[in-house]
Each structure stands twice: as C-alpha cells, then as structure tokens.
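Colleague: I have some time to go through this one with you. Can we start with the terms and then look at the salt bridges?

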Amino acid sequence: MAARRPPGWGRLIWDRATRVVRHSLQARVVAASMAMSTFALVGVFGYMSASVSQNLFETRRDEALVEAVRASTAMQQSFDEAVTQNLTSGEVDALQDRALDAVTGLISSRSSTEYAMLRAESQTATLLQMNDVQSQSFDTDLLTPELRSAVAAASDTPYYQSVRLEGSEGSQPGIIVGSTVDVPLAGRYELYLLTSLQATQETLGFMQLTMMAGGLALIALIGAITWFVARMVVGPVQTAADSSARIAAGELDVRIPVRGDDEIAKLGRSFNDMADSISRQINELATLSTVQQRFVSDVSHELRTPLTTIRLAGDVLHDRRESFDPVTSRTVELLHAQILRFEQLLADLLELSRFDAGAAQLDIEPTNLVRLAEAEISAVEPLAAERGTELRLVAPGGHFEAEVDPRRIRRILQNLLGNAIDHGEGRPVVVTVDSTSDAAAIAVRDHGVGMTEEEAARVFDRFWRADPSRQRRTGGTGLGLSISRDDAALHGGWIDVWSQPGEGTAFRLTLPRAGAHAVASPIELPPADTQAIVLPPAAEEAPAPEAIDAMEITLVDPPAASTKEPGR
C-alpha cells in the first residue's frame, strides 16, 4: 500500500519556510529579491506578451484585408470583362468558377483560408443569377447578421470579424473578411474569406513559453546572485552575532577574523577593539570586586577583636547604668544599643562576603516550617505587643516538612517579621505557611503603609530604604532583605514581594521540599485577605508534622487604607 502523506503537510512546509524567513536575514533578502523580481518580470512579460499578441493579430488582419481587396478587385474585373447579355446559365456558372479560381490564386495561405460567395440579400430580380458558392470547410453560421449588413452596405471597404473555429483538434482563432462584387446583369454578391489564425496563435504561444522559461531562469539567477551578495554581507554580521553571544556567555577571548579594508573589515576591527575594551574592563572589575570582597572580609574579621573588647566593656557599663547619673546612664544605653547594631552589621557583612565569594554552605535537615514559624512569631511577640500588632499564623494544611537549613530560614523570617512590625502601623500581621508535594512557602503579610512599584523593585538592594528618616524599632542594617534573598537562592527558591500604598505589603518565600528547584508557589500573590486559619496555642497538643489539617477558621476583615507615607 502506498504511504499516505500526513494531513496538513502543505501547512507544515509553509510554516517551516515562514520560520526560516523570519529568523534569517539572508533568507529574507533572497525571498524579497525574488518576489520583487517576479512581480517586475510578470509586469514586463505581460506587457510584452500583450503587445506582441496585438501586433501579430494586426499584421495578420492587415494581410487578410489586403488579400480580400485584391480578391474582390480581381473578381470584379473578371466579371466586368466577360459578362454580356447573351450568356447562358451554364456559361454564368463557368464564369463564376473561373473568377473563384482567380481569387484562390491570389491567396497566400490556401490551406488555412476558406471562401464563400453569397448573393446579397434584399435585391430585386435580375437578368442573370448565380448560385451561392462556398468551400467545403466554410461554415456560414459564423456570418453574423451585423457583419452581413455592414458588408452589404459598403461598396469598396472590406469588413472583418474575429471568430472561433471549431474543429477536430479543438477551438482555433480565425478572422472573416467580407467585401462586395457587383456582377453585371446579376446584381451584388458578397465575397467572404475565412482565415485561420492557428499558426499565429502557435507562434504567440511559443514566444510566451520561451519568455516564461527565460523569466524563470532569470528569477533563479537573480535569487542565486542575491544569495551570494547577501552571503557576503550577512556572513560577517552572523559571525559578529555569534561572537557577541560567545562573549556574553563568558568567552572573552573570542574575536572576529578581519580581511581587507572595506566597511565589513572596519566593522570587524571596531568589534574586536570593543571586545578588547570590554575584556579589560571586566577583568579590572573582577579584580576590583575580588579586592573589595577581600577587604570587606578582612576588615570585618579584624574588627571583631576590638569589637569584642568594646562589647565586654559596654556590657559592664550597661549592667551598672543604674548607679550613674541620668545623663551618663542614658549615654551608656545608647552606647550599648549601637554596639549591638555594629556587631549585627559586621555579622551581615561577613555573611555577604561569603555569598559573594561563593563560600556559603547549607546545613540541610528535615524541618517543620509551621513549628519554625511559630517559634519565630513567639520570639517577636514582645516587640509586636509594644507596637500593638496582632500576629496570626495561617496553616491551611499540607506537607509542611521540607529539607532546608533552619538557621537561614529563621533569619529570613526574623527579617520579614521585623519589617512587617515596623511598617504595619499596628495592624494585624498574618504569617501563612502552605505547601504542595513539590514546594513549600511562607508569606508574611502586613496591612501598613505599603510601597510603590519603584520602591518594591529596589527593596532587595543592599543598604536601600524607602524612607531612611522613618523611625525603626528593630534597628536594621539595610542588608537583611538582601541576605534573605541570597539565603532563598541558596536553597533553590526565591523571595518575591507584592505591595500597594495604603494596602500593605506581602513577602513570599518559596522553597523546594526535596532539594529540587521549585516551579510554582503554593501561596498566591497578591494575597487573598478573605480568610485566616489560626493554629491553636503552643501549649495545646500539636498535630502530626507530616499532615497538618486545617484547624479553626477565623475571618480577617480587610484593614482600612492608610494615608501615611511608605517607609520600607
């Protein structure tokens, strides 16, 4: 059985050709050149074909008209010389035959020309009368009443009409030319010459076929020339594009081969100079970055020893602050707070230097994220109570145990909870923990001042704050969210943020549950503030960690919009 073509194979070929043209400049140039050449040649060849066809027809028509005039003149002369009053009917017929023989002798293409001699209509009786005569292949049905009327009304002007001749070989073009002959004693007769134009049609067809073949060959030649020329131009551009991609991938030693002194060679030299400059600058920046990282790491390590001494001295003074006068006591408290802040800043700088150097390591262990979130909420409850902020934990149920580094996850939660309390305007802060079989997520949602899109885009930048003048109770260093993002990336996860001015902010941490990269987060962002599921107090018996079901459901009313300025 013959193999059948798959359905839509023409569509597949068209799609593939379209894709090649769309992705290849050289293919587009060749296709455009061939398309425009085709349109131009079709127009030129169409005009030439129409002109040649009209010229051939007019030439053959003029020849037929000349032959008709010569034939009618010869016949008229023959009748004028021979007709007398004493001719018998047989002599008249013989005279008619001689006159027709003289006419056929004047025709140049006898094999393709037929004749007919018909008595003109609407004539009175005459002394003599000749029979209507026509050649065997002449079809009188081709004579239209309009043509016969025009011929009968004219005395010395021939008329013609284009016709189609039906034969065994099919339809052929032809032309009928009619003229009149006045026969003495017999009246007026119409002489018609029917000429086939099949030879002319064959000549025109051969010329058109030759023009078509020549046009196709010319289009193919134009396409080949265009491809060659486009290759000369597009080839170096493609080489430059490939070299750019390799440089972008880190192969800084890639260069374009340069030949000659033309524009393409100048482009190659400029590209190579640019690549050299970029390579030098990247090497300088890499060296500078390495020096900066080493400097930060060294300075941080070197500051730890004097800071430890200062910390010990500060602790001693802080413990005895009640024995000092009020001014000195307040000064000792401020000194102690700034020492703690300085210590935290050094710790953050050391952590950043580890991330920058690629030396950060994970200490993975199975961790119940719900219990971890509970513990961190309990740790910040005093600060939340001071600000009048209610902390809520939402756990819809699922697989809450994940393979993570609990120390780093705690650090992320501490940063997110501290920010939420600082900017929550005393409104509830909701911590949501949810998971699927592939990923786990923790979201911290406050209902405070919120941020604009520009501020949310920069919230993970180092040392950046939306409003540096805003009072903070947690005393952050401006590095917490940056370190949190690096901690999440180290796990193969991510942190993203949603925020609207006056509606609050939601940070979402998404982590893979078993070491693979997470694809989708189980928590929606923007958050849905319609329901909150609150875990029972820690004093009650906790459910099994592998399958925590949804527990008591309490509705959380959306907070009123705040009119205060953003300050994250």
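Modeller: One term to begin with: buried means under 20% relative accessible area, exposed means over 50%, and partly exposed is in between. Also, this is a predicted model.

Colleague: Okay. Is E333 buried or partly exposed?

Modeller: E333 has a relative accessible area of 30%, so E333 is partly exposed.

Colleague: What does E333 pair with?

Modeller: R321, in a salt bridge whose closest N and O atoms are 3.5 Å apart.

Colleague: What about D487, which residue does its side chain meet in a salt bridge?

Modeller: R408, at 2.8 Å from N to O. D487 belongs to helix α11 (residues 480-490) and R408 to helix α9 (residues 406-423), so this pair ties together parts 79 residues apart in sequence.

Colleague: Is D487 buried or exposed?

Modeller: Buried, because its relative accessibility is 0%. R408 is buried as well, with 2%.

Colleague: And R458, what is its partner?

Modeller: D461, with 3.3 Å from N to O. R458 is partly exposed at 41%, and D461 is partly exposed at 32%. Elsewhere, salt bridges with shared partners join D405, R408, R411 and D487 into one network.

Colleague: Changing topic. How many residues does helix α5 have?

Modeller: 51, covering residues 198-248. From first C-alpha to last, α5 reaches 70 Å, close to the expected 75 Å.

Colleague: Where does α5 bend?

Modeller: At R231, by about 35°. After α5 comes G250, which has a positive phi near 110°.

Colleague: Which residues make the nonpolar surface patch?

Modeller: L218, L221, I225, W227, F228, V229, M232, V233, V237 and L267, with an area of about 930 Å². Nine residues of the patch, the largest share, come from α5. I225 is in that helix, and I225 counts as partly exposed because its relative accessibility is 47%.

Colleague: Last one. Where is S33, and is S33 buried or exposed?

Modeller: S33 is in helix α2 (residues 25-82). At 18% relative accessibility, S33 counts as buried. A polar atom of the S33 side chain lies 2.9 Å from the backbone oxygen of V29.

Terms used:
Residues are numbered from 1 along each chain as its sequence is written. This is a predicted model: local features need pLDDT of at least 70, side-chain atom pairs count only at pLDDT 80 or more; totals for chains, interfaces and linings use all residues. Side-chain values use heavy atoms; hydrogens and water are left out. Helices (H or I, at least four residues) and strands (E, at least two) are DSSP runs, numbered from the N terminus. The expected span of a helix is 1.5 Å times one less than its number of residues. The bend at a residue is the angle between axes fitted to the seven residues ending there and the seven starting there. Patches are made of residues with over 30% relative accessible area and no salt bridge: like charges are joined within 9 Å, nonpolar side chains (Val, Leu, Ile, Met, Phe, Trp, Tyr) within 5 Å. Accessible areas come from the Shrake-Rupley method with a 1.4 Å probe; for residues, only the protein chains shown count as cover. A salt bridge is a side-chain nitrogen of Lys or Arg within 4 Å of a carboxyl oxygen of Asp or Glu. Buried means under 20% relative accessible area, exposed over 50%, partly exposed in between (1.4 Å probe, protein chains only). A polar contact is a pair of N or O atoms within 3.5 Å; within protein, one must be able to donate a hydrogen and the other to accept it, and residues adjacent in sequence count only if both atoms are side-chain atoms.
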